[in-house]
Amino acid sequence: MKVAKRVLFLIALIFYAASYLAVGNRGTNPGDAVNFYAPLATHIAQGDGYVLDHAFPDRYPPGFPLFLAAIYRTGGTADLENTHYRWAIVILHALSVTMLFLAARQWLTASQATIAALLLMMHPVFAALGVTRFAWNATALFLFFFVASLWLLFSALRTGRRLIMGASGIALAASVLTWPAPTLFPLIVMGFIAIARPGTSPLWRVAST
């Protein structure tokens, strides 16, 4: 599986890198990035604090602007032309595809897991959110954390290791702090844990949830 995941990561990386070089400047800038994320990230990167228009911004979770600020600190321009960010998103997308393969591999055959990962990699919406101007939003970072949480969850259920389960919870929390869509997802996860390993002790299942 180590070889398979490395090959898949390399394929996804080449695919998204080539797509970005081909169409990376097409599309329009998302309004949220222009009016919220980029200005807030600039303030953070300059050391002015988590403020926008002299007030604490609570419109969106803090995960993405903090990530964007970290990218701005690495160099390049503090705007929507920063190429460091675009290449970071290409890498995040390739990692998301690889982690989906790893998550699916916990339950499916290698061929089935590979097909699932390739379907995600070539999905037009997923690809567009990684290689066009629409990449300037929280989706790529959110999906990275969310898929990571699923991979760690399935791995913990297969191995019975609560430490991995805890890491899954941290990744899920990071996804919520990036985009609040999965806020209620832990309730589903708790039910899933309760029934996914019927052979384990009730104490393990309670501690894991």
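Val3 is located in helix 1, residues 2-23; helices here are DSSP runs of H or I with at least four residues, numbered from the N terminus. With a relative accessibility of 61%, Val3 counts as exposed. The classes are buried for under 20% relative accessible area, exposed for over 50%, and partly exposed in between, using a 1.4 Å probe and protein chains only.

Together with Val7 and Ile11, Val3 forms a nonpolar surface patch of about 260 Å² accessible area. Patches consist of residues with over 30% relative accessible area and no salt bridge; nonpolar side chains (Val, Leu, Ile, Met, Phe, Trp, Tyr) are joined within 5 Å, like charges within 9 Å. The areas come from the Shrake-Rupley method with a 1.4 Å probe, and for residues only the protein chains shown count as cover.

## Basis of the model

The model is predicted: local features need pLDDT of at least 70 and side-chain atom pairs count only at pLDDT 80 or more, while totals for chains, interfaces and linings use all residues. Residues are numbered from 1 along each chain as its sequence is written, and side-chain values use heavy atoms, with hydrogens and water left out.

## Salt bridges

The whole structure holds 2 salt bridges, each defined as a side-chain nitrogen of Lys or Arg within 4 Å of a carboxyl oxygen of Asp or Glu. Side chains of opposite charge can pair when their charged atoms come close.

Arg59 is exposed at 52% relative accessibility, whereas Asp32 is partly exposed at 27%.

Glu81 and Arg133 also meet through their side chains in a salt bridge, at 3.0 Å from N to O. This pair links distant parts of the chain, 52 residues apart: Glu81 is in the loop between helix 3 and helix 4, and Arg133 in the loop between helix 6 and helix 7.

## Surroundings of Arg133

The loop that holds Arg133 runs between helix 6 (124-131) and helix 7 (139-159). Arg133 has a relative accessible area of 7% and is therefore buried. Its side chain makes a polar contact with the side chain of Asn29 at 2.8 Å. A polar contact is a pair of N or O atoms within 3.5 Å; within protein, one must be able to donate a hydrogen and the other to accept it, and residues adjacent in sequence count only if both atoms are side-chain atoms.

Apart from neighbours within four places in sequence, Arg133 has contacts (heavy atoms within 4.5 Å) that include Gly24, Thr28, Leu80 and Arg86.

## Helix 4

Helix 4 covers residues 83-105, 23 residues in total, and spans 33 Å from first to last C-alpha, close to the expected 33 Å. The expected span is 1.5 Å times one less than the number of residues. Asn82 caps the N-terminal end of helix 4, where a side-chain oxygen is 2.8 Å from the backbone nitrogen of His84.

Phe101 is in helix 4 and is buried, with 1% relative accessible area. Its C-alpha is 8.5 Å from that of Ile115, 14 residues away along the chain.

## Positive phi values

Most residues other than glycine have a negative phi. Asp53 has a positive phi near 55°, and His54 has one of about 60°. Asp53 is in the loop between helix 2 (31-45) and helix 3 (63-74), and His54 is in the loop between helix 2 and helix 3. Asp53 is exposed at 67% relative accessibility, and His54 is exposed at 84%.

Terms used: Helix = DSSP H or I, 4+ residues; strand = E, 2+ residues; numbered from the N terminus.
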